[in-house]
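This briefing sets out selected side-chain contacts and packing relations in the structure shown below. The points are grouped by topic.

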Amino acid sequence: MIEFGVFGGGSWATALVKILTDNKLIVNWYLRRTEQAEAIQNAGSNPDYLNFVTLNTEYLQCSSQKQFVAQKSTIILFAVPSDGLSDLLIGFDRKWIHNKAVLSAVKGTVGEEHELPSAYISRQLIIPNNLQGILAGPCHAEEIGHRKKTYLTIGAVDPHWQQMLQTCFSADYLDVRINADITGIEWAAIYKNVVGLVSGMAKGLRYGDNFIAVLVANALAELREVLRHMGSNAEILSSSYAGDLLVTAYSTHSRNRLFGEMIGRGYSVDKAKGAMNMVAEGYGATRGLYQTTQNFPLKLPILQTAYRVLFKYMPVLTEFKLLEQKLT
């Protein structure tokens, strides 16, 4: 019998738990805070994130014990912010999940070495490639909660596991696409958060739709070059790559876009971070991707703009005036 062990208590984790329990799959859900675990189990909803979503507790077992969730489950699903993954794995015994499939829904780089989540998990827990996969695509948690049509991407290399996961996550409002390009999808998921930030900055600075359209078109070109230098020859004009970038750049649900908009309106980086009640992955992703690509012979003005504003504290309007001249 399939039992998912979901690690993470935010909106993305909540949306994934909804999908699985709606499909009548048993979910053992690790939540760091005992009071949150008890509240969800008793009320059938997450009081902190997506509290409008009703969860089927008949198929749900919440716990604040990592070992219980890991050992009881047959498939492990990590759905935490990238900067929380290393803390989550502290004290996590790889023996708990020996020979179990591991799925990552983490979007961002991890640690000082800026590792991809799949690579970090694989190294820490010794997960073979055929037992590892990722979840990605243009899939805002809020819209999944409202059962709006969504295209979800599963990245995995093993055909048997691809088919099994596709069945687990499919629904009348969810189309699940399979893609074996795990590394390319993860880098695209990191870069799209940077674009979301810069698009938000443009909106905060009162640039119009015409400019943002050019910005996003240039971002797609940057993404193609980044992926090529990361070893991926993917055709990016699909939901797994361009689709994810576009929704992050334009959607009002995008926390990265909101974070960038605050910067554009004059918030300092620290004040913008303090005003957010959810993690904007693009902040850490900007530094990770910028430092990773420094040795590449690439011109990435959009990434450079984000980095200079967020980490060099350059005036956002000045940087955008420079960016205007670099867009094509």
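C139 counts as buried in this predicted model, at 7% relative accessibility. C168 is buried as well, its relative accessible area being 4%.

**Cysteines**

- The count of disulfides comes to zero.
- C139 takes part in no disulfide, and the nearest cysteine sulfur, that of C168, is 16 Å away.
- For C168, the closest cysteine sulfur is in C139; the distance of 16 Å is too far for a bond, because a disulfide requires the two sulfur atoms to lie within 2.5 Å.

- The structure holds 15 salt bridges.
- One of these joins E3 and K72, with 3.0 Å between the closest N and O atoms.
- Since E3 belongs to strand 1 (residues 3–7) and K72 to helix 3 (residues 66–72), the pair ties together parts that are 69 residues apart in sequence.
- E3 counts as buried, at 13% relative accessibility, whereas K72 is partly exposed, with a relative accessible area of 36%.

- D22 forms a salt bridge with K18, and the closest N and O atoms are 2.9 Å apart.
- Both D22 and K18 lie in helix 1 (residues 11–22), where they are four residues apart, about one turn of the helix.
- K18 is buried, with a relative accessible area of 6%, while D22 counts as partly exposed at 32% relative accessibility.

- D244 forms a salt bridge with K192, the closest N and O atoms being 3.6 Å apart.
- This pair links distant parts of the chain, with D244 in helix 10 (residues 239–250) and K192 in helix 8 (residues 182–204), 52 residues apart.
- D244 is buried, with a relative accessible area of 2%, and K192 also counts as buried, at 7% relative accessibility.

**Aromatic rings**

- A search of the whole structure finds 13 aromatic pairs.
- Ring pairs link F7, Y30, F78, F92 and W96 into a cluster.
- K107 lies over the face of W12, at 5.5 Å from the ring centre.
- K149 is placed over the face of Y151, at 5.9 Å from the ring centre.

**Helix 2**

- Helix 2 (residues 34–43) has Q36, A37 and I40 as its buried residues.
- These residues cover an arc of only 100° around the axis, which puts them on the same side of helix 2.
- N42 and A43 are exposed on the other side of helix 2.
- The buried residues of helix 2 pack against strand 2 (26–30) and strand 3 (60–63).
- G44 follows helix 2 and has a positive phi, near 75°.

**Helix 13**

- In helix 13 (residues 282–292), the buried residues are G282, Y283, A285, T286, G288, L289 and Y290.
- The elements that cover these buried residues of helix 13 include helix 8, helix 9 (209–229), helix 11 (255–264), helix 12 (269–275) and helix 14 (301–311).

**D87 in helix 4**

- D87 has its place in helix 4 (residues 82–88).
- D87 is exposed, with a relative accessible area of 51%, a value that falls in the exposed class because the cut-off is over 50%.
- D87 and A272 are 185 residues apart in sequence, and their C-alpha atoms are 24 Å apart in space.

Note on methods
Residues are numbered from 1 along each chain as its sequence is written. This is a predicted model: local features need pLDDT of at least 70, side-chain atom pairs count only at pLDDT 80 or more; totals for chains, interfaces and linings use all residues. Side-chain values use heavy atoms; hydrogens and water are left out. Rings of Phe, Tyr and Trp (its six-membered ring) pair if their centres lie within 6.5 Å; planes under 30 degrees apart count as stacked, over 60 as edge-to-face and the rest as tilted. A charge sits over a ring if NZ of Lys or CZ of Arg is within 6 Å of the ring centre and within 35 degrees of the ring normal. Buried means under 20% relative accessible area, exposed over 50%, partly exposed in between (1.4 Å probe, protein chains only). Helices (H or I, at least four residues) and strands (E, at least two) are DSSP runs, numbered from the N terminus. The arc is that of the directions from the helix axis to the C-beta atoms. Contact means heavy atoms within 4.5 Å. A salt bridge is a side-chain nitrogen of Lys or Arg within 4 Å of a carboxyl oxygen of Asp or Glu.
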